[in-house]
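Colleague: I want to learn how to read a contact between two chains. Where do we start?

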Amino acid sequence: MEKELVVPTMAECLAKGEVPEILFWVGCAGSFDDRAKIITKAIVRILTKAEVKFAVLGTEESCTGDPAKRAGNEFLFQMQAMTNIQLLNGYEVKKIVTGCPHCFNTLKNEYPELGGNFEVIHHTQLIQQLLDSGRIKVEGGNFSGKKITFHDPCYLGRGNDVYEAPRALLGKLDAALVEMKRSRANGLCCGAGGAQMFKEAEKDNKEVNIERTEEALELQPQVIATGCPFCMTMLRDGVKLKEQDQATEVLDVAELIAKAADL
Amino acid sequence: MNWIDNLIFCVLLAGGIYWFARNAQKIRRNILLGRALDISDNLNERWKLMAKVAIGQSKMVVRPVAGILHIFVYLGFIIINIEVLEIIIDGIFGTHRIFAFMGYFYYLLIASFEFLALLVILGCAIFLIRRYVLKLKRFMNKELEGWPRNDAAIILTTEIVLMSAFLIMNAADGVMMSYGKLSGGILLPEFAEAATKIFGEQSQAGKGLYFPVSAYLTGFLPSNPIALHYIERVCWWFHILGIIAFLNYIPYSKHFHILLAFPTVFYSNLKPKGKFSNLESVTNEVKLMLDPSAVPPVSDAPPAKFGAKDVPDLSWKQLMDAYSCTECGRCTSNCPANQTGKLLSPRKIMMDTRDRMEELGKGIDKNGVNYSDSKALVGDYITAEELWACTTCNACTESCPINIDPLSIIIDLRRYLVMEQSDAPAALNAMFTNIENNGAPWQFSPADRLNWKNE
Ligand code: SF4
Ligand code: SF4
């Protein structure tokens, strides 16, 4: 069933004189991390199914600078930001969807002051719009009766107050959505943010991702859903460490929707 | 009261206010050690936010028990100030219960003061129990050892003692007034009659002014009018002198939040929490690097540090946050780093910032405005290990009842470590290098960015 994906780049569009509706900012994890690439493809399938005219930057894309900025390297961040902004403005990009809350936050909030003004949405928000406008449909799929819990990525939830879009999508699945004790504004971090993803944890008695995974597993869900490739890594590692990977899957909301829509 | 009393009262009051103003002024000066920062946008929204979060305590009740008890104490504090005003007028002019002319409304006021005083006592007692008997986890952290823990105990017990003095004073006064004009004041059969009409005749004090709470204390008081008179006077003096003393305690204490909570919320961050500040000094340099023909902005100011090493490198808002922090620990108890046993505690970040400001301030008091020492906020107060434990998750800013932002301080200090000291953990330096060279935090070639399409 694996159909070849059609993924136009901005450069190709420009050459053909086409103007895409939206730029899909894939992000470094979505481009290089094996698990996250599967999410990227799920997003592409949804966009294709909904006949969204999208394009990616492909090899021209570069890190938004988020991990550098959170780690205090404002220089590197701004170098990245300004180079990216030049590129994006060169393509006259107006609207961007990201597959990662960190790219989403950075592009949406931190680029405008440096000259990059775009409408930026997270993929869960775009998918919600596509469902609401009937451009794609899901039938509840094979999730009926399954227990799903949603882990709020910090930069989607607290960082940008997007709590409902992912939940609205999960609501379409006719599965049982259960909330962890700490959710929404009170959600607990997965442990990856602030550039922690790229370093060893400081001295402690527990890793943050274990604390969070334990909380999720208390609910005995079949699926832990999230909307961030870094949360994905952290929670998957946690579930594996707890030897629960047979019983509990960690999936991105986009993957759930793609599955439910048979994509 | 004779005129000597009035004079003593006036001198003590003026002295108390003067000393308080002097210390408050020092705090203001310390806050202004910080960098200038213009926060004058969205004034309407700011007033609304202040009404909701500071005056309306909307974030306090996220934790209902502490929230509701705090509302008791907070309302008590605000409403009882009306009573303090009466005491001050009485003290200056030698009157007794000058506001009693308000009639029915006065009874209502007195009744509400008394109920609030009771609730304050109750609230503070439960707060003490939570801290010192139940030992709630967030009050047991290391950063509270020593003075901060005593500070909390002093505040709570003082409030209980002051409110008790107020109630005993009323009780004594109530009995005396039921005897007639013994306390040298104004009491008044017609008031007594009105009180009886409004409130019924449940208590002895109903025959005097109506004191709904303190009436229950009258049984413990002697019936001798002279003794009663002295009890009333002693409590009166104790209550008001206690308040003046407490006022002067506040600038030395975390209790300063009762004043600064309001401006702190007013000037709080209105942008999405995920947005970090943009360092303009860096923007200028980066522009020059990307476009050598750009003209550097002319400025007489010394080149700004990148990031913050010490409190003067932080903004006045960040410094005001530190003076407003009441060390409740909600931030720390929700901090993922702290929960998993790491050294970082956002509350400690705020406490350290204040302690360092106080230290610098004392130095300035002694040695003049140009004082500097060899210490700094980074290193001497806050260690790199603490700073590198933060996941920038914003749980702390979300939990703070008055929108204090410890995260912004953490980031400014990280910026200093990275950009001025080149002192980041090795793994992060590797990540920086990858971004610089390959445009990704990992070692992948940019040419492979689209490979996923065909995998
Ligand atoms: S932002 Fe940092 S300090 Fe604040 S709660 Fe999260 S990890 Fe703790
Ligand atoms: S920063 Fe806010 S939440 Fe944290 S201790 Fe201070 S007042 Fe409490």
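Modeller: Start with a term. A salt bridge is a side-chain nitrogen of Lys or Arg within 4 Å of a carboxyl oxygen of Asp or Glu. Keep in mind that this is a predicted model.

Colleague: How many salt bridges are there between chain B and chain A?

Modeller: The count is 6. Take one case: Lys342(B) pairs with Asp204(A), and their closest N and O atoms are 2.7 Å apart. Polar contacts are counted too, with 32 residue pairs across the interface of chain B and chain A.

Colleague: Which element gives the most to the side of chain B that touches chain A?

Modeller: H9(B) does, with 7 residues. By class, that side of chain B has 32 nonpolar, 13 polar and 14 charged residues.

Colleague: What area do chain B and chain A bury between them?

Modeller: About 5600 Å², with 64% of it on carbon and sulfur atoms. On the chain B side, Trp442(B), Arg449(B) and Trp452(B) supply 15% of the area buried against chain A, more than any other three residues.

Colleague: Now a single residue. Is Lys41(A) buried or exposed?

Modeller: The cut-off for buried is under 20% relative accessible area. Lys41(A) has 11%, so Lys41(A) is buried. Lys41(A) sits in helix H3 of chain A. Beyond its sequence neighbours within four places, Lys41(A) contacts Leu5(A), Trp452(B) and Glu455(B).

Colleague: How many residues surround ligand 1?

Modeller: There are 13, and Cys335(B) and Cys390(B) are among the closest. The shell has 10 nonpolar, 3 polar and no charged residues. Helices H16 and H17 of chain B each supply at least two residues of that shell.

Technical notes: Residues are numbered from 1 along each chain as its sequence is written. Chains are lettered from A and ligands numbered from 1 in the order in which they are written. This is a predicted model: local features need pLDDT of at least 70, side-chain atom pairs count only at pLDDT 80 or more; totals for chains, interfaces and linings use all residues. Side-chain values use heavy atoms; hydrogens and water are left out. Helices (H or I, at least four residues) and strands (E, at least two) are DSSP runs, numbered from the N terminus. Buried means under 20% relative accessible area, exposed over 50%, partly exposed in between (1.4 Å probe, protein chains only). Contact means heavy atoms within 4.5 Å. A residue is near a molecule or strand if one of its heavy atoms lies within 4 Å of it. Ala, Val, Leu, Ile, Met, Phe, Trp, Tyr, Cys and Pro count as nonpolar, Asp, Glu, Lys and Arg as charged, and the others, Gly among them, as polar. Buried area is the accessible area (1.4 Å probe) that two parts lose on being put together, summed over both. A polar contact is a pair of N or O atoms within 3.5 Å; within protein, one must be able to donate a hydrogen and the other to accept it, and residues adjacent in sequence count only if both atoms are side-chain atoms.
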